[in-house]
Every structure is written in structure tokens, then in C-alpha cells.
Amino acid sequence: PMTTEKHHYHFMLSQFFDHVMQLGPRIVVVTNGADGVYACEDNTIYYHQSLPVDMVNSVGAGDAFGSTFVAQLLKGKGIGDAIRAGIINSASVISELTATAGLLPQEELDSLIEDLDPHVLQTFPRE
């Protein structure tokens, strides 16, 4: 069951996504550092928690997520796999010293996506 605090947070995010989606984008993404990532497409909000990782340097984490997310969509992947790939690449980058050292090739991303529990990606409607 969803706690009152979490429900309030989801409601506020839903309002935020409503406002931004009215401006015209098809997909809106909000990364929330160690707390994970939210994305909105149509009337669905997606949430995926961050992966546990020993952080060495946070430089490049958002860039790794964003570029990987967009690249996956351009390759025809669904939003769920785009989120998963972005989370994986972001976690890999922050476990390295530089912003690009942990970037993973597509084959490795695909393999690691298969290893993730698909039920970790949650969806809920925009309210």
C-alpha cells in the first residue's frame, strides 16, 4: 500500500507532468538522483528506483541517463527499456572516476536489462 507521503509526492508529480505535457512534449523525464527516475508518456507515469552502487563520482550521471534514454528510444526500444538502460548506464558512470569511463556498449546494456527484475518498474496514472 502507498503511504500518504508517497501518494502526495505522486500527486504533485502528476500535476507537474500535466503542466509540462500541455506545453507539447510527448515524453517528460525527471531524474531524482539516488531516489530514481520518473517519466511520463501519455497518461502513464513510470518510476524506477536507482540501482545500488558504490558512488565514486556523480559527474555525468544525468548526462549518461539522458543520452542513453534518448538513444534507446531512437533504436525503437520502449520507454520501459529506455528507463532501465538509462538507470544502468548512469549507475555504471557514477561507479567510475570520470564522466565517460563507465559508459556501456549496447550489447552489455541489453544483457543487464534482462537481469533486472521487470517488476521494479512501476506505473501509475496521471491523476
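The largest pocket is lined by 18 residues, and those nearest its centre are Gly-33, Ala-34, Ser-50, Ser-90 and Ile-94. The structure is a predicted model, in which local features need pLDDT of at least 70 and side-chain atom pairs count only at pLDDT 80 or more, while totals for chains, interfaces and linings use all residues. Residues are numbered from 1 along each chain as its sequence is written, and side-chain values use heavy atoms, with hydrogens and water left out.

The volume of this largest pocket is about 320 Å³. A pocket here is an open set of points on a 1 Å grid over the protein atoms alone, where a 1.4 Å probe fits and protein lies on both sides within 12 Å along at least five of seven lines; lining residues have an atom within 4 Å of a point. Its volume is the space filled by probe spheres set on the points, which are joined across faces, edges and corners. Helices α2 (61–74) and α3 each give at least two residues to the lining, and the largest share, four residues, comes from α3. Helices (H or I, at least four residues) and strands (E, at least two) are DSSP runs, numbered from the N terminus. Sorted by class, the lining holds ten nonpolar, eight polar and no charged residues. In this sorting Ala, Val, Leu, Ile, Met, Phe, Trp, Tyr, Cys and Pro count as nonpolar, Asp, Glu, Lys and Arg as charged, and the others, Gly among them, as polar.

One of the residues nearest the pocket centre, Ser-90, belongs to helix α3 (residues 79–94). Ser-90 counts as buried because its relative accessible area is 14%; buried means under 20%, exposed over 50%, and partly exposed in between (1.4 Å probe, protein chains only). Leaving out residues up to four places away in sequence, Ser-90 touches Ala-61, Ala-64 and Phe-65, where contact means heavy atoms within 4.5 Å.

Attention now turns to the nonpolar cores. The largest one has eleven residues in all, including Ile-27, Val-37, Phe-65, Phe-69, Ile-83, Ile-87 and Leu-121. Strand β2 (37–41), α2 and α3 each supply at least two residues of this core, with the largest share, four residues, coming from α3. Such a core is a set of buried Ala, Val, Leu, Ile, Met, Phe, Trp, Tyr and Cys residues joined through side-chain atoms within 4.5 Å. Beyond its neighbours up to four places away in sequence, Ile-27 touches Cys-40, Glu-41, Phe-69, Leu-73 and Ile-79. A second, separate core of ten residues includes Phe-17, Val-20, Tyr-38 and Ile-45.

His-48 lies in strand β3 (residues 44–48) and is buried, since its relative accessible area is 1%. Not counting residues up to four places away in sequence, the contacts of His-48 include Val-37, Ile-83, Arg-84, Ile-87 and Leu-121.

Side chains of opposite charge can pair when their charged atoms come close. Four salt bridges are present in the structure, each being a side-chain nitrogen of Lys or Arg within 4 Å of a carboxyl oxygen of Asp or Glu. In one of them Asp-18 pairs with Arg-126, the closest N and O atoms being 2.6 Å apart. This pair links distant parts of the chain, 108 residues apart, with Asp-18 in helix α1 (residues 4–21) and Arg-126 in the segment after β4 (122–125). Asp-18 is partly exposed, at 23% relative accessibility.

Lys-77 and Asp-110 form another salt bridge (3.2 Å, N to O). Here too the pair links distant parts of the chain, as Lys-77 sits in the loop between α2 and α3 and Asp-110 in helix α4 (residues 106–115), 33 residues apart. Lys-77 is partly exposed at 29% relative accessibility, and Asp-110 is partly exposed at 25%.

Arg-84 forms a salt bridge with Asp-81, with the closest N and O atoms 3.1 Å apart. Both residues lie in helix α3, three residues apart, about one turn of the helix. Arg-84 is buried at 11% relative accessibility, whereas Asp-81 is partly exposed at 29%.

Asp-42, in the loop between β2 and β3, has a phi near 55°, a positive value in a residue other than glycine. Asp-42 counts as exposed because its relative accessibility is 53%.
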